[in-house]
Amino acid sequence: MKAIVYSEHGGPEVLKYTDAPEPEIDASEVLVRVRACALNHLDLFLRNGIPGIKIPLPHIPGSDIAGEVAKVGAKVRNVKVGERVMLQPGISCGQCEQCLAGDDNKCRHYTLFGQMVDGGCAEFVKAPAVNVVPIPEKMSFEEAAAFPLVSITAWHMVVTRAQLKPAETVLVLAAGSGVGSAAIQIAKVAGARVIGTAGTKEKVLKGKELGADSMILHSENSISEEVKKMTNRRGVDVVVEHVGQATWDESIRSLAFGGRLVTCGATTGYDAKIDLRYLFTRQFSLLGSFMGSKADLFSALELYRRGLLNPVIDTVLPLEKCAEAHQRLEHREQFGKIVLRVA
């Protein structure tokens, strides 16, 4: 099969469009003919190399995958050959206490497609049958690839961890990112007032079109000062933070007394600091969030079926232009998801 493969860490130039062996499945697995695969910042981090995480090389990237079932193992009963499916990005053991409690994203053996196992930037990918989810009839393969990872991440942050309530105010960092664009929509469904941030005037307009009540152009304005103006100096109840070091201080300063900051990433750096006196006197809550459970994906899909949560796609490129797609994501030129189409 054709695939995107890298045999060493480095820049986009290490990504090669080449031949690779077609995966072989066992009795509990499914072989998927990939039709689309969307990019995430995780792809960039893994390609560059993450200290302490040794991924198997050569490696096929790609966590967000949609396609058609090509083969099923002898024990598979939940899907049939030819069915249109997306893959839940997170892979867990299915047997530990956390998995059996429905918190599979807390499994000690948790990984993702494109992380410790080969991903979807290929003509075929194998997957545990429990990760296979039918695509709603009206959803395209490109939309299905753009949906899973950011939707379950945003749902887990906004609903499960931050427990956003109607009439609260939420600040969503980086409205043009996949997580940001999903979080804005989910927060609106929850009945919250949404303030978003973006780095260009074009993205500010797109954030408002997506449903944000207000947008902050962070390249020209202080986020926290603008938040204070918009909230009569009260601050926000919840901050959805995934940018990291570059915005951390502004995010903390934007919180109201008793506010909650939920974070799932550190795309600009991880060395964030906080004055503990400020933390306890203002009674803040700092919440970590990582991916989401399989159940979170089904909840997000129900919003899609009701027309309340839609994947935001920036660009669709052919698989062989994966390096170009990585460059666009690295330069933060996109609004929404970049999707690779597999012919």
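**Aromatic pairs**

I count two rings of Phe, Tyr or Trp as a pair if their centres lie within 6.5 Å. The model I am working on is a predicted one. I searched the whole structure with that rule and found three aromatic pairs. I took up the pair of phenylalanine 147 and tyrosine 304. Their ring centres are 6.1 Å apart and the planes meet at 70°, so I log the pair as edge-to-face. The cut-off behind that label is an angle over 60 degrees. Next I looked up where the two residues sit. Phenylalanine 147 is in the loop between α3 (141-146) and α4, while tyrosine 304 belongs to helix α10 (residues 294-305). They are 157 residues apart, and the pair links distant parts of the chain.

**The sheet**

I then traced an open sheet. I read six strands in the order β12-β11-β10-β13-β14-β15, and the pairing is parallel. Which strands are at the edges? I find β12 (214-217) and β15 (285-288), each of which pairs on one side only. From one strand to the next I get an average twist of 20°.

I checked helix α7 (residues 223-230) against this sheet. Helix α7 packs on it and touches β10 (169-172), β11 (193-198), β12 and β13. The direction of α7 makes about 150° with that of β12.

How many bridges join β13 to β14? I see five, between strand β13 (residues 236-241) and strand β14 (residues 255-263), which run parallel. I noted one partner: valine 238 is bridged to arginine 260 in β14.

I moved on to the open spaces. The largest pocket holds about 1200 Å³. I list 46 lining residues, and the closest to the pocket centre are His41, Phe45, His242, Ala266 and Thr267. I asked which elements supply at least two residues each; among them are α1 (41-48), α4, α5, β11 and β17 (337-341). I sorted the lining of the largest pocket by class and got 24 nonpolar, 19 polar and three charged residues.

The second largest pocket has a volume of about 340 Å³. I list 20 lining residues here, and Pro23, Val117, Asp118, Gly119 and Lys126 are the closest to the centre. Strand β8 (residues 124-128) gives the largest share of this lining, with five residues. By class I get 14 nonpolar, two polar and four charged residues for the second largest pocket.

I looked for cavities of 30 Å³ or more and counted one. The volume of the largest cavity is about 60 Å³. I wrote down part of its lining, including Ala146, Val150, Ser151, Gly178, Leu309, Pro311 and Lys337. Helices α4 (148-161) and α5 (178-189) each supply at least two of the lining residues. Which element gives the largest share? I find α5, with four residues. The class tally for this cavity is six nonpolar, five polar and one charged.

I ended with the backbone. I found a cis peptide bond between leucine 57 and proline 58, with omega at about -5°. I place proline 58 in the loop between α1 and β4 (64-72). I also flagged alanine 167. Its phi is near 75°, a positive value in a residue other than glycine. I place alanine 167 in the loop between α4 and β10.

How values were computed:
Residues are numbered from 1 along each chain as its sequence is written. This is a predicted model: local features need pLDDT of at least 70, side-chain atom pairs count only at pLDDT 80 or more; totals for chains, interfaces and linings use all residues. Side-chain values use heavy atoms; hydrogens and water are left out. Two strands pair if DSSP finds at least two bridges between them. Axes are lines fitted to C-alpha atoms, for helices over the stretch in contact, and angles run from 0 to 180 degrees between N-to-C directions. Contact means heavy atoms within 4.5 Å. On a 1 Å grid over the protein atoms alone, a cavity is a set of points where a 1.4 Å probe fits but cannot get out, and a pocket is an open set with protein on both sides within 12 Å along at least five of seven lines; lining residues have an atom within 4 Å of a point. Grid points are joined across faces, edges and corners, and a volume is the space filled by probe spheres set on the points. Ala, Val, Leu, Ile, Met, Phe, Trp, Tyr, Cys and Pro count as nonpolar, Asp, Glu, Lys and Arg as charged, and the others, Gly among them, as polar. Rings of Phe, Tyr and Trp (its six-membered ring) pair if their centres lie within 6.5 Å; planes under 30 degrees apart count as stacked, over 60 as edge-to-face and the rest as tilted.
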